[in-house]
Amino acid sequence: MLAYILNLVILLCINATLAITLNFIMGYAGIFSLAHGVFFGAGAYTAAYFAMHVSASLFFVIPTVMIITGALSLALALPALRVRGEYFVAASLGLQVIGVTIFSEWKSVTGGIGGVIGIPPATVLGHAISDPVQFLALTVLCLLVVTLITWGLVRSSFGRSLQAIRDSESAAQAYGKNIALIKTLSVVVSCSLSGIAGALYAFYLGFINVESFMLDTSVLILAMVIIGGTGTVFGPLVGAILLMLLPSLFSYMSFLPQTEIGAIQQMVYGAAMVLLMLFRPGGIVGKSSRRK
């Protein structure tokens, strides 16, 4: 039972980290992306490749992952500069499809459908973090660091500029804001931090394949942000807790057909999002109604 709880909490922390990084561009910059799973995967594959061929030290892996995912995020930032709203959502969906295809076909790096096996445990100062309790402490620490970084950025002049662009690009531009630069930096920060969650995921499982980074993953992260509350500090965390605990609760309901748990869970996610949009569009933590 303890092993199950540890596993659940570790995965919850990883998903909460992803939700917080997505909320940074969704809630504060108004950039709705369906490609966050790609950067999660890029971080995981980069960490796995680096750990297996260079070093498993977190002091080397994490900076490398952030640089790679930050550089790849320009593929998302460039459409963000040209289109907005539903057009950008469509562009991000296309990027998600391209990313999954690359993960499936670049067999020399990603292992294709079979994935990457034998990923060594992460090390800190030569100590391998293989114990689940120690790894939980590591994921909690990373979650706190990512939360503090995003919170600090939101409270800074950069964050206020982001919110100004979210509310009105025309007004922000009239005030002399460099919209292209601010948008690009926000996407780079969000995606590079999401790569940390990917690295933790790869080290924790010791095995990764493309199935963990499909469109379903991007939609799940998006749902965590929307249900918890966009543009809030704790909303993504609340959303992650709810959506990670629900499958566990369903599995204990003996009257439900176990083969249909996945479908039931998707229906509950969809119903929750519809009800929230109707009665509490700001999410659980956010305001109950949008400003007019």
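Rings of Phe, Tyr and Trp (for Trp, its six-membered ring) are taken to pair if their centres lie within 6.5 Å; planes under 30 degrees apart count as stacked, over 60 as edge-to-face and the rest as tilted. The structure examined here is a predicted model, in which local features need pLDDT of at least 70 and side-chain atom pairs count only at pLDDT 80 or more, while totals for chains, interfaces and linings use all residues. Residues are numbered from 1 along each chain as its sequence is written, and side-chain values use heavy atoms, with hydrogens and water left out.

A search of the whole structure for aromatic pairs returns seven of them. One of these joins Y45 and F103, whose rings are tilted, with 4.9 Å from centre to centre and 45 degrees between the planes. The pair links distant parts of the chain, since Y45 lies in helix α2 (residues 36–53) and F103 in helix α5 (residues 86–105), 58 residues apart. Helices here are DSSP runs of H or I with at least four residues, strands are runs of E with at least two, and both are numbered from the N terminus. A residue is called buried under 20% relative accessible area, exposed over 50%, and partly exposed in between (1.4 Å probe, protein chains only). Y45 counts as buried because its relative accessibility is 4%, and F103 is buried too, with a relative accessible area of 8%.

A nonpolar core is a set of buried Ala, Val, Leu, Ile, Met, Phe, Trp, Tyr and Cys residues joined through side-chain atoms within 4.5 Å. The largest such core has 82 residues, and those with the most contacts inside it are F203, I208 and F213. Helix α1 (residues 2–26) gives the most to this core, with 14 residues. Contact means heavy atoms within 4.5 Å. Leaving aside residues up to four places away in sequence, F203 touches A47, A51, A56, L58, V61, I119, P120, P121, A122 and F135.

In helix α1 lies N23, which counts as buried because its relative accessibility is 3%. Its contacts, not counting residues up to four places away in sequence, are with Y28, V225, G229, T230, G231, T232 and P236. Helix α2 holds T46, a buried residue with a relative accessible area of 15%. T46 touches T64, V65 and I68, again not counting residues up to four places away in sequence.

Helix α5 contains V100, which is buried at 14% relative accessibility. V100 touches V210, F213 and M214, not counting residues up to four places away in sequence. V100 and V38 are 62 residues apart in sequence, yet their C-alpha atoms are 7.0 Å apart in space. Helix α5 is also where G94 is found; G94 is partly exposed, with a relative accessible area of 30%. The C-alpha atoms of G94 and F207 are separated by 26 Å, the two residues being 113 apart along the chain. In helix α11 (residues 215–228) sits D216, which is exposed at 60% relative accessibility. D216 and G37 are 179 residues apart in sequence and 8.3 Å apart in space, C-alpha to C-alpha.

The side chains of R166 and D167 meet in a salt bridge, at 3.2 Å from N to O. R166 is partly exposed at 34% relative accessibility, whereas D167 is exposed, with a relative accessible area of 57%.

Patches are made of residues with over 30% relative accessible area and no salt bridge, joining like charges within 9 Å and nonpolar side chains (Val, Leu, Ile, Met, Phe, Trp, Tyr) within 5 Å. Accessible areas come from the Shrake-Rupley method with a 1.4 Å probe, and for residues only the protein chains shown count as cover. L148, W151, V233, F234, L242, I284 and V285 make a nonpolar surface patch of about 630 Å². Of these, I284 is placed in the segment after α13 (261–279) and counts as partly exposed because its relative accessibility is 37%.

Conventions: A salt bridge is a side-chain nitrogen of Lys or Arg within 4 Å of a carboxyl oxygen of Asp or Glu.
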